Amino acid sequence: MAVAELSTDRLTELLGDAADELLGFTTPAVSKDMLHLPGPDVVERLFEPTDRNPQVLRNLGALYSAGRLANTGYVSILPVDQGIEHSGASSFAPNPMYFDPENLVRLAIEGGCSAFASTLGILGATSRRYAHQIAFIVKLNHNELLSSPNTYDQILFGSVRRAWELGAAGVGATIYFGSPESRRQLVEISRCFEEAHELGMFTVLWCYLRSNDFKVDGVDYHTSADLTGQADHIGVTIQADIIKQKAPENNGGYNALNQNGSSYGKTNKLVYDKLTTDNPIDLTRWQVVNNYMGRVPLINSGGESAGESDLAQAVRTAVINKRAGGAGLIVGRKAFQRPLADGVALLNTVQDVYLDGSITAA
């Protein structure tokens, strides 16, 4: 097992004014005793009792036994689908070497990642050389911004069968919950996940919210704990083996959408009075709770690259995720929009949070 190289002083420096709030938090609204927390036996404890077949369990075992976080129950995944979701220029112009798919795979391997999640094209271009060296996760659907006018709809770019043929260990997909297209996406991805499990691959769901209605009185609730938690709860229902979710930044999305005589969804005041607080660890724990109390692991997004603050932001998100009961971080642009050595260093520092035994679930 790798050893954490992040010192306590350096961790405190990176967390800044939030260090005491995050590292000293000991009174969560939902006790960790109710959760299924990550650990070395995660495959046997969480997945073996399920209806997943032996091939899926084998690929999950490969995922959890690879990279610097091997045999910890945590994962570190490098995702690269932004060339389609945004554009090749916006994604790779800061570091043009990453227009070459092989360099992205090298970053994932040299960065000690558990898996590399990317497009059919990128993984297909490198599969014969690398699919046996690191777990490949084929992202099946994407939004693209070349159509005019720009629209937002996740459409299938490849098939589950092709992912299996190129040697992928898993498949991933995005659903835009709240969008008019979400019900079609739910049906499509549910069928894809069923086929993936039949073929022995695990499944990862990007549970994202997208609706202009989620912006109320100047406040953006796309990352509210209550709404993202429900998206997660739908995601585990279609048998995602891992949920990827944006870190929550606020709460009360349901309440905001039910103002002034409007009627949207259903919630319960206990969510806000007893089951969450304003602490970001509690907000993220509500996401974990909606993942069947952690039976389905939660990984949070690393977010876009903002330059010099990237490392501090990623470490903060990792600390919150781990202390909430989450299972890892998925970091893309913060890693590949900088030189290879710097990207590796950033990935390793984030991984150090999960290797540090002094950082525990609150």
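This is a predicted model: local features need pLDDT of at least 70, side-chain atom pairs count only at pLDDT 80 or more; totals for chains, interfaces and linings use all residues.
Figure 1. Helix 12 contributes the largest share of the lining of the second largest pocket, namely four residues. Both helix 11 (182-199) and helix 12 (225-237) supply at least two residues of this lining. The space in the second largest pocket amounts to about 280 Å³. It is lined by 15 residues, and those closest to its centre are Phe 177, Gly 178, Ser 182, Ile 234 and Tyr 264. By class, the lining of the second largest pocket comprises nine nonpolar residues, five polar residues and one charged residue.

Figure 2. A total of 46 residues line the largest pocket, and Tyr 208, Thr 223, Lys 246, Gly 303 and Arg 333 are the ones nearest its centre. Several elements supply at least two residues each to the lining of the largest pocket: the strands are strand 6 (170-177) and strand 7 (202-209), and the helices are helix 5 (82-85), helix 15 (280-290), helix 16 (310-324) and helix 17 (333-336). Helix 16 provides the largest share of this lining, with four residues. The lining of the largest pocket divides into 17 polar, 15 nonpolar and 14 charged residues.

**Figure 3. Close-up of the nonpolar cores, with the surroundings of Phe 136.** The largest nonpolar core holds 86 residues, and the members that touch the most other members are Leu 107, Phe 116, Phe 136 and Leu 205. Helix 18 (residues 340-355) gives this core its largest share, eight residues. Neighbours within four places in sequence being left aside, Phe 136 is in contact with Val 105, Phe 116, Leu 123, Thr 126, Ser 127, Tyr 130, Ala 131, Leu 166, Ala 168, Ala 169 and Gly 170. A second core of 24 residues is separate, and Val 42, Ala 117, Tyr 208 and Ile 299 are among its members. Tyr 208 is also one of the residues nearest the centre of the largest pocket.

**Figure 4. Close-up of strand 3 (residues 135-139) and the strands paired with it.** Five of the five residues of strand 3 are buried, and the strand is therefore largely enclosed by the rest of the structure. Both of its faces are covered: Phe 136 and Val 138 are buried on one side, and Ala 135, Ile 137 and Lys 139 are buried on the other. Strand 3 pairs with strand 2 (residues 115-118) in the parallel sense over four bridges. In this pairing, Ala 135 of strand 3 has Ala 115 opposite. Strand 3 and strand 6 also run parallel and are joined by three bridges. Here Ile 137 stands opposite Gly 170 of strand 6. Gly 170 is also among the contacts of Phe 136.

Figure 5. Residues up to four places away in sequence not being counted, Ser 179 touches Gln 185 and Arg 210. Ser 179 and Leu 209 are separated by 30 residues in sequence, while their C-alpha atoms are 7.6 Å apart in space.

Methods: Residues are numbered from 1 along each chain as its sequence is written. Side-chain values use heavy atoms; hydrogens and water are left out. On a 1 Å grid over the protein atoms alone, a cavity is a set of points where a 1.4 Å probe fits but cannot get out, and a pocket is an open set with protein on both sides within 12 Å along at least five of seven lines; lining residues have an atom within 4 Å of a point. Ala, Val, Leu, Ile, Met, Phe, Trp, Tyr, Cys and Pro count as nonpolar, Asp, Glu, Lys and Arg as charged, and the others, Gly among them, as polar. Grid points are joined across faces, edges and corners, and a volume is the space filled by probe spheres set on the points. A nonpolar core is a set of buried Ala, Val, Leu, Ile, Met, Phe, Trp, Tyr and Cys residues joined through side-chain atoms within 4.5 Å. Buried means under 20% relative accessible area, exposed over 50%, partly exposed in between (1.4 Å probe, protein chains only). Contact means heavy atoms within 4.5 Å. Two strands pair if DSSP finds at least two bridges between them.
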